[in-house]
Amino acid sequence: QYGGWESVEVAEWHDCTTGEEIPMEEILDATLLLQQVTYGMAVLAREADRANPTAEVLFEHALQDVLQRRMAAKRRKSATLTSRERELLYKIRGRHFGYVAPCSR
């Protein structure tokens, strides 16, 4: 439904400590990870209908599920994010849900 100027920008990201440009592959992987986690949140929310977990709890559980599945499929070596992956993912999440597609839409 939303795209173009409202999409998460992936044009050029820089490491705030070193100033080096972050490779596009890392940005795209974090963006796709966020997409998978968001879908996972929807599934978990449906399954936990009466428990009423917070969005943060759903996010963390879905993230672990996706990372485990990626590891099982040999798409990653570990089910734990590196600090850089975690920072990228949460920055993209903040931009996406805070500006691009806020829950109020």
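Here are some questions and answers on this predicted model.

Q: What pattern does the protein follow along the sequence?
A: Start with the parts: the protein has three helices and zero strands. Read from one end of the sequence to the other, the pattern is α-α-α.

Q: What percentage of the residues in the protein is buried?
A: A residue counts as buried when its relative accessible area is under 20%. The protein has 105 residues, and the buried share of them is 27%.

Q: How much of the accessible surface belongs to carbon and sulfur atoms?
A: The accessible surface of the protein comes to about 7,400 Å². Of that, the part belonging to carbon and sulfur atoms is 55%.

Q: Among contacts between residues at least 6 apart in sequence, what share joins residues at least 24 apart?
A: A contact here needs heavy atoms within 4.5 Å. Take the contacts in the protein between residues at least 6 apart, then pick those joining residues at least 24 apart, and you get 58%.

Q: How far does H1 reach from its first C-alpha to its last?
A: Helix H1 covers residues 24–47, which is 24 residues. At 1.5 Å a residue, 34 Å would be expected. The model comes close to that, with a reach of 35 Å.

Q: Which residues of H1 are buried?
A: An α-helix has 3.6 residues a turn, so residues three or four places apart point the same way. With that in mind, look down the list for H1: the buried residues are Ile27, Ala30, Leu33, Leu34, Val37, Gly40, Met41 and Leu44.

Q: At what angle do the axes of H1 and H2 cross?
A: Helix H2 takes in residues 55–72, and its axis comes within 8 Å of the axis of H1. H1 passes H2 in a right-handed crossing. The angle between the axes is roughly 120 degrees.

Q: How many residues of the contact of H1 with H2 are nonpolar?
A: On the H1 side, the residues that meet H2 include Leu33, Val37, Met41 and Leu44, while the H2 side includes Leu58, Phe59, Ala62 and Val66. Sorted by type, the contact has three polar residues, three charged ones, and a nonpolar set numbering 14.

Q: Why does Met41 count as buried?
A: Met41 is found in helix H1. Leaving aside residues up to four places away in sequence, Met41 touches Ala55, Leu58, Phe59 and Ala62. The cut-off for buried is under 20%, and Met41 makes it because its relative accessible area is 15%.

Q: How far apart in space are Met41 and Leu63, C-alpha to C-alpha?
A: Along the sequence, Met41 and Leu63 are 22 residues apart. In space, their C-alpha atoms are separated by 8.5 Å.

Q: Which residues does Glu60 touch, not counting those up to four places away in sequence?
A: Glu60 lies in helix H2 and is partly exposed, with a relative accessible area of 25%. Its C-alpha is 8.8 Å from that of Met41, 19 residues away along the chain. The residues Glu60 touches are Arg86 and Tyr90.

Q: What is the phi of Lys74 near?
A: Most residues other than glycine have a negative phi. Lys74 lies in the loop between H2 and helix H3 (83–100), and counts as exposed because its relative accessibility is 75%. Lys74 has a positive phi, near 60 degrees.

Conventions: Residues numbered from 1 in each chain as written. Predicted model: local features only at pLDDT ≥ 70, side-chain atom pairs only at ≥ 80, totals over all residues. Heavy atoms only, no water. Helix = DSSP H or I, 4+ residues; strand = E, 2+ residues; numbered from the N terminus. Buried < 20%, exposed > 50% of the residue type's maximum accessible area, 1.4 Å probe, protein only. Areas by Shrake-Rupley, 256 points an atom, 1.4 Å probe, with all protein chains shown as cover. Expected span 1.5 Å × (residues − 1). Axes fitted to C-alpha atoms, helices over the stretch in contact; angles between N-to-C directions. Left-handed = near helix turned anticlockwise from the far one by under 90°. Nonpolar A, V, L, I, M, F, W, Y, C, P; charged D, E, K, R; others polar.
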